[in-house]
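Open the model in your viewer and keep the selection panel at hand. The tour goes stop by stop.

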Amino acid sequence: MTPDARPYAAWRSLLPAALLVVVAGAQVALARTAALSPWKGGGFGMFSTTDDSGRRHVRVFVSAHDRSEEVGIAPSLEDAARRAAVLPADRELSRLARRVVEREGRYQRPVDTVRIEAWRIEYAPGTLAATSRLIRDYVYRVDATPASRP
Amino acid sequence: MWTRLLHPAHDADGVPDSVLTLTAIILLLRPLDVWWLASFALAAACLSLVFRAVRRTPATWLLLAVLVAARIVAVWPLADNHIYLLAYWCLAIGLALTSPLSAATLSASSRWLLGAAFAMAVLWKALLSPDYVDGRFFRVTLLTDDRFADASLVFGGLSRDQMAENRAFLEPLPEGAALLHPPPFVEPPRLRAFAAAATWGGLALEALVALLFLIPASERVQPARHAALLAFCATTYAVAPVAGFGWLLATMGLAHCRPSQRVLRGSYVGVFILILLYTEMPWTAVLADLTAR
């Protein structure tokens with residue numbers, strides 16, 4: 001009898017793989033519906049696509065009564081920015097936006113809205129010509145509920 | 001039931017110590033990069049290497065599974081896939097050590113984990129990612145990913161200047177924009193062949209491993225499983241920069257061996273060391289310097 005066929009191994013041996021399948025299924029769903037990078041999230045999509053974290057980035061724009069400008073990603077924002085680029089969902093984007101508002105507040109710079117663009121690099125079939133494509137445009141209002149454009 | 005988790009497994013023919021020690025070594029070689037988790041995980045790994053009783057106690061591995069899972073949550077969604085596999089593997093060890101026939105339980109766990117992980121990898125490459133099967137992924141990655149650059153110079157026949165020009169070509173432009181004088185793009189036939197071999201060879205080998213581990217075992221399937229997994233580890237991690245994944249696969253393959261398969265078990269330990277050497281010896285960089293154009 002082979003090890004596979006022994007009945008006593010049942011639930012203990014199946015539980016870890018069952019967890020893997022559930023998490024991987026959720027990862028596929030997130031990649032399809034929330035633009036999660038296929039490289040991340042436990043779905044084993046690494047080395048399958050150029051849509052990795054290194055080819056994604058976010059741009060952050062702040063505006064207030066007397067200002068409207070793009071702000072750079074400061075070291076204190078890098079972690080939140082990386083998470084938002086890999087998974088540009090409301091939760092990650094609003095987290096980054098709140099960090100931006102906090103940081104601007106530390107420098108006494110007013111912020112009414114934070115707009116975040118999530119971008120990825122795509123390569124054309126055949127020629128490999130590279131273009132940047134906007135995958136999410138998100139608006140966070142400091143004193144109201146966040147609004148989002150598709 | 002609960003006290004069983006805190007006591008070493010009493011199993012004369014149980015999970016081989018080599019599987020447990022190699023897993024602890026993986027945790028030491030690639031520490032979790034969240035300090036409040038890493039310290040506990042490193043301590044547990046060290047203790048399990050030193051003390052057999054700690055190594056064979058289910059609670060040790062269940063605790064490690066929780067710590068690794070907590071790391072995944074703490075850095076969500078940035079964790080790499082082998083960290084997920086490490087969490088499942090620690091859980092599998094912990095559960096197996098509570099079983100009266102722990103070796104067979106862990107052998108079955110490793111089979112299902114390997115089959116499922118490889119099946120998902122094949123699903124992404126073959127069906128869900130349009131830029132894999134048309135060759136774009138490796139054509140771009142061999143040129144833009146620093147970790148593959150030396151292999152591209154050696155096997156692709158590129159010069160360093162051509163590599164730099166190609167990287168400039170692959171810099172993105174805004175949608176709809178075009179350069180008046182775009183940088184040249186040089187893709188020698190050897191580089192295209194290397195990209196095609198990586199694309200289709202990788203997919204074929206992964207599909208074979210998935211298939212062999214998911215179909216029921218027979219006297220012919222068992223050796224084929226090990227041959228495919230060993231071939232995957234020995235070839236892929238010569239170039240692919242994810243030793244942590246390779247070590248896990250080798251350790252899981254080892255757990256799937258029967259006690260009597262001494263040569264096979266030695267082969268998995270050998271592959272574990274081979275991946276270590278691939279990682280620590282910049283052999284493609286040395287070759288690239290020797291063959292510099």
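The stops below cover a hairpin and then a pair of domains.

This is a predicted model: local features need pLDDT of at least 70, side-chain atom pairs count only at pLDDT 80 or more, and totals for chains, interfaces and linings use all residues. Residues are numbered from 1 along each chain as its sequence is written, while chains are lettered from A and ligands numbered from 1 in the order in which they are written.

**Stop 1: the hairpin in chain A**

Select residues 56–64 of chain A, strand S1. Strands here are DSSP E runs of at least two residues, and helices are H or I runs of at least four, numbered from the N terminus. S1(A) and S2(A) form a hairpin, with two residues between them. They pair in the antiparallel sense over five bridges; pairing takes at least two DSSP bridges. Now pick A:Ala64: its bridge partner in S2(A) is A:Arg67.

**Stop 2: two domains in chain B**

Colour 1–100 of chain B as domain 1 and 102–171 + 180–293 as domain 2. The bounds come from an automatic or database domain assignment. The C-alpha centres of the two domains lie 26 Å apart. Their contact takes 22 residues from domain 1 and 19 residues from domain 2; contact means C-beta atoms, placed from the backbone, within 7 Å.

**Stop 3: the domain 1 side**

Select helix H2 (17–29) and helix H6 (81–97) of chain B. Each supplies at least two residues of the side of domain 1 that touches domain 2. H6(B) gives the largest share, nine residues.

Key:
Two residues are in contact if their C-beta atoms, placed from the backbone, lie within 7 Å.
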